[in-house]
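Hi everyone, thanks for making the time. I'd like to walk you through one model this morning, going from the overall picture down to a few individual residues.

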Amino acid sequence: MVALAGAASAAGAGPDAGGEAVVELAIGLAYGSALGLAGGWLLRSALRKGWAAEEFAGPAVLALALLSYLSSMAIGGNGFVAAFVAGLAFGTAYGDAPQSQLLFTEQSASVLSLLVWLLFGAVLVPAAVPHMTWQAVLYAVLSLTVVRMVPVALSLLGTGMDRATVLFVGWFGPRGLATIIFGLLALEDLAPAVTHQVLPVLICTVLLSVLAHGFSAGPLARRYGAAAAGGDAERPELSPHGVPVRRFTGSADAARRRGSSD
């Protein structure tokens, strides 16, 4: 958002656009945190005291997301940041929610995401094809590989994960709905001459991600899972999300495990 404000400022939108964007982010962060904490506490209290039926918990969560977005924008904050932070704060205040309470929100999000993908394929792709350049394709390839995988590898230094795990985590970073939404914000705020440069990069990156990650998800996941299960340990270590994680093991540790199993 700050980068978009800077680009708009350079295009003549005003010298204070960058500072205004920072203020919007700060308001969204503070407001979203407060609203999420309050919403989580109120919903948990209402359910415990029997003031609300459990089947209304799902719609309440969805309403909180919409409320945080719209009301933050009404007071001059960033709606996206407010909604995201409100979700984090809500989870902290409410605690672990049963799957039945999350089902309505998940189904609603799935329907909305399908509508976004429909618009992407029907409107954005045809609009970007006439302006496609080899520079846009090159950046899209770099964005899906080097631009993502190098920071992921750096962030995993010291975790003990082996090269296969680092590559697996780095590769599966699809560019999808978030990229489309922020791209649409760019198209709305930037000058038409600039949007003709941004739109092909955006569409090409997302389109290549859909194809590359879609075709490779199944084969690479099966290959990685088989390799993790066939390591030194009989059962692979699982991350909190259930993903098998292989780690570096020294020869002494491997020998000690084999000796104990014998």
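Before I point at anything, a word on the labels: helices here are DSSP runs of H or I with at least four residues, numbered from the N terminus. With that in mind, leucine 138 sits in helix H6, and I'll come back to that residue in a moment.

What you have on screen is a predicted model, so let's start with confidence. The mean pLDDT of the protein is 80, and 81% of its residues reach 70 or more. Where is confidence highest, and where is it lowest? The highest value belongs to helix H6, residues 134-144, at 92, while the lowest belongs to helix H11, residues 251-261, at a mean of 45.

Now the overall layout. The protein has eleven helices and two strands. Reading from the N terminus, the order is α-α-α-α-α-α-α-α-α-α-β-β-α. Of the 262 residues, 29% are buried. The accessible surface comes to about 15,900 Å², and carbon and sulfur atoms account for 69% of that surface. As for contacts between residues at least 6 apart in sequence, 70% of them join residues at least 24 apart.

Back to leucine 138, then. Its relative accessibility is 43%, so leucine 138 counts as partly exposed. Leucine 138 is also one of the residues in a nonpolar patch on the surface, together with Trp134, Tyr139, Leu142, Val146, Val147, Val150, Leu154 and Leu157. Taken together, the patch has about 910 Å² of accessible area. Which elements give two or more residues to the patch? Those are H6 and helix H7, residues 146-155.

Let's move to the rings. There are five aromatic pairs in the structure. One of them joins phenylalanine 90 and tyrosine 94, and this pair is stacked, with 5.2 Å centre to centre and 10 degrees between the planes. Both residues lie in helix H4, residues 79-94, four residues apart, or about one turn of the helix. Elsewhere, ring pairs link Phe168, Phe172 and Tyr224 into a cluster.

Two more residues and I'll hand over to you. Glycine 176 is in the loop between helix H8 (163-171) and helix H9 (177-189). With a relative accessible area of 14%, glycine 176 is buried. Which residues does glycine 176 contact, leaving aside its neighbours within four places in sequence? They are Trp117 and Val206. Glycine 176 and valine 206 are 30 residues apart along the chain, yet their C-alpha atoms are separated by 5.8 Å.

Finally, serine 209 lies in helix H10, residues 192-229. At 3% relative accessibility, serine 209 counts as buried, because the cut-off is under 20%. Setting aside neighbours within four places in sequence, serine 209 is in contact with Leu144, Pro174, Arg175 and Gly214.

Note on methods: Residues numbered from 1 in each chain as written. Predicted model: local features only at pLDDT ≥ 70, side-chain atom pairs only at ≥ 80, totals over all residues. Heavy atoms only, no water. pLDDT = per-residue confidence, 0-100. Patch = residues over 30% accessible without salt bridge, like charges linked within 9 Å, V, L, I, M, F, W, Y side chains within 5 Å. Areas by Shrake-Rupley, 256 points an atom, 1.4 Å probe, with all protein chains shown as cover. Salt bridge = Lys/Arg side-chain N within 4 Å of Asp/Glu carboxyl O. Buried < 20%, exposed > 50% of the residue type's maximum accessible area, 1.4 Å probe, protein only. Contact = heavy atoms within 4.5 Å. Phe/Tyr/Trp six-rings, centres within 6.5 Å; stacked < 30°, edge-to-face > 60°.
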